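Open the model in your viewer and keep the selection panel at hand. Each stop below says what to pick and what is there.

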Amino acid sequence: LFFMSKQRIILKLSCLLTLIFSSTFSIAQNLILNGDFEEFTKCPKGLDSQKEKPKVLLHVTNPNQGSFDFIHTCDNDDFPRYRWGEETPQSGEGYVGIGVYDNTFLYLGGEYVQLEIKKPLKKGAIYQFEMYLSLGDKSFTAINNLGVCFSDSLVQQLKPKQLLFQPDIITTDFYENKVGWKKYSGDYIANGGEKHILIGNFFSKEYTKVNNTKTLNKRVTKDN
């Protein structure tokens, strides 16, 4: 007997990436293409959630053949009745959801979102990254090491396995908010040439710390 505990973090990437000149001044221009998930080739309504929905988003890809959910207000099949819980977009009309932890023995690895940067980052320049997070209503756990990686090439892993990369930005907070959105941010010093951003859990289960976000009620059934 085991209890299945899966975490679904809903991401709204009004995902700003800005170039910082000093601690008090920055360029307030978003350097991420479609970081708010508003550009797509067709409304995701009626599409298969795992195979088709992620593909309609422009400049957003899946780096490890897993799946992420694309939710948009145009899709009245899924919005606001998203299977992992209801949430109004933090801004605009769309957001994505990724699974970052699962304690079952069938777990092969997390889901990720890969974003495209408008132009390669400049070596030595400091960039500020931010996004907004909301934990899925039906998630039983929250993790404290959601990470962000920058890459100079498109990551295309052929199997849905964990991406064991070293995150460039990492949080120590448990994002347990199931109502509303919480800001996640961090600074990054560019190596130069980075063109993509990956978001997800880059640690194996043994190195992922979790918090229980639901009080479990024990139910016993008896048949005479």
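**Stop 1: the disulfide**

Select cysteine 43 and cysteine 74: they form a disulfide, with sulfur atoms 2.2 Å apart. A disulfide here is a pair of cysteine sulfur atoms within 2.5 Å. A search of the whole structure finds one. The torsion about the S-S bond of cysteine 43 and cysteine 74 is about 105 degrees, so the disulfide is right-handed.

Now show the surroundings. Cysteine 43 sits in the loop between strand 3 and strand 4, and cysteine 74 in the loop between strand 5 (69-72) and strand 6, so the pair ties together parts that are 31 residues apart in sequence. Cysteine 43 is partly exposed at 24% relative accessible area. Cysteine 74 is partly exposed too, at 30%. Buried means under 20% relative accessible area, exposed means over 50%, and partly exposed lies in between (1.4 Å probe, protein chains only).

A note on the model before moving on. It is predicted: local features need pLDDT of at least 70 and side-chain atom pairs count only at pLDDT 80 or more, while totals for chains, interfaces and linings use all residues. Residues are numbered from 1 along each chain as its sequence is written, and side-chain values use heavy atoms, with hydrogens and water left out.

**Stop 2: the whole chain**

Zoom out and color by secondary structure. The protein chain has zero helices and 14 strands. Helices (H or I, at least four residues) and strands (E, at least two) are DSSP runs, numbered from the N terminus.

Of the 224 residues of the protein chain, 48% count as buried. Contacts come next; the term means heavy atoms within 4.5 Å. Among contacts in the protein chain with a separation of 6 or more, 78% are between residues 24 or more positions apart.

**Stop 3: the nonpolar cores**

Select Leu17, Phe129 and Ile197. Of the 36 residues in the largest nonpolar core, these touch the most other members. Elements giving two or more residues to this core include strand 1 (6-22), strand 8 and strand 13 (196-200). A nonpolar core is a set of buried Ala, Val, Leu, Ile, Met, Phe, Trp, Tyr and Cys residues joined through side-chain atoms within 4.5 Å.

Center on phenylalanine 129. Not counting residues up to four places away in sequence, its contacts include Leu17, Ile32, Val148, Tyr184 and Ile197.

Then move to the second, separate core. It has six residues, including Tyr112, Cys149, Val155 and Phe202. Cysteine 149 is buried, with a relative accessible area of 3%.

**Stop 4: the salt bridge**

Which side chain meets lysine 183 in a salt bridge? Select glutamate 130: the N to O distance is 3.2 Å. A salt bridge is a side-chain nitrogen of Lys or Arg within 4 Å of a carboxyl oxygen of Asp or Glu. By this rule the count comes to one.

Lysine 183 lies in strand 12 (residues 182-189) and glutamate 130 in strand 8, so the pair ties together parts that are 53 residues apart in sequence. Lysine 183 is partly exposed at 43% relative accessible area, whereas glutamate 130 is buried at 9%.

**Stop 5**

Pick asparagine 34, in the loop between strand 3 (32-33) and strand 4 (60-61). Asparagine 34 is buried, at 4% relative accessibility. Its side chain reaches the backbone nitrogen of glutamate 38 at 3.0 Å. Show its contacts beyond four places in sequence: Glu39, Leu57, Leu58, His59 and Val60.

Go to threonine 208, in the loop between strand 13 and strand 14 (210-212). Threonine 208 is buried at 10% relative accessible area. The side chain of threonine 208 reaches the backbone oxygen of phenylalanine 203 at 3.5 Å. Beyond its neighbours within four places in sequence, threonine 208 is in contact with residues including Tyr101, Ile143 and Asn145.

Finish at glycine 136, in the loop between strand 8 (126-135) and strand 9 (141-143). Is glycine 136 buried or exposed? Glycine 136 is buried, with a relative accessible area of 0%.

How values were computed
Polar contact = N/O pair within 3.5 Å; in protein donor to acceptor, adjacent residues only side chain to side chain.
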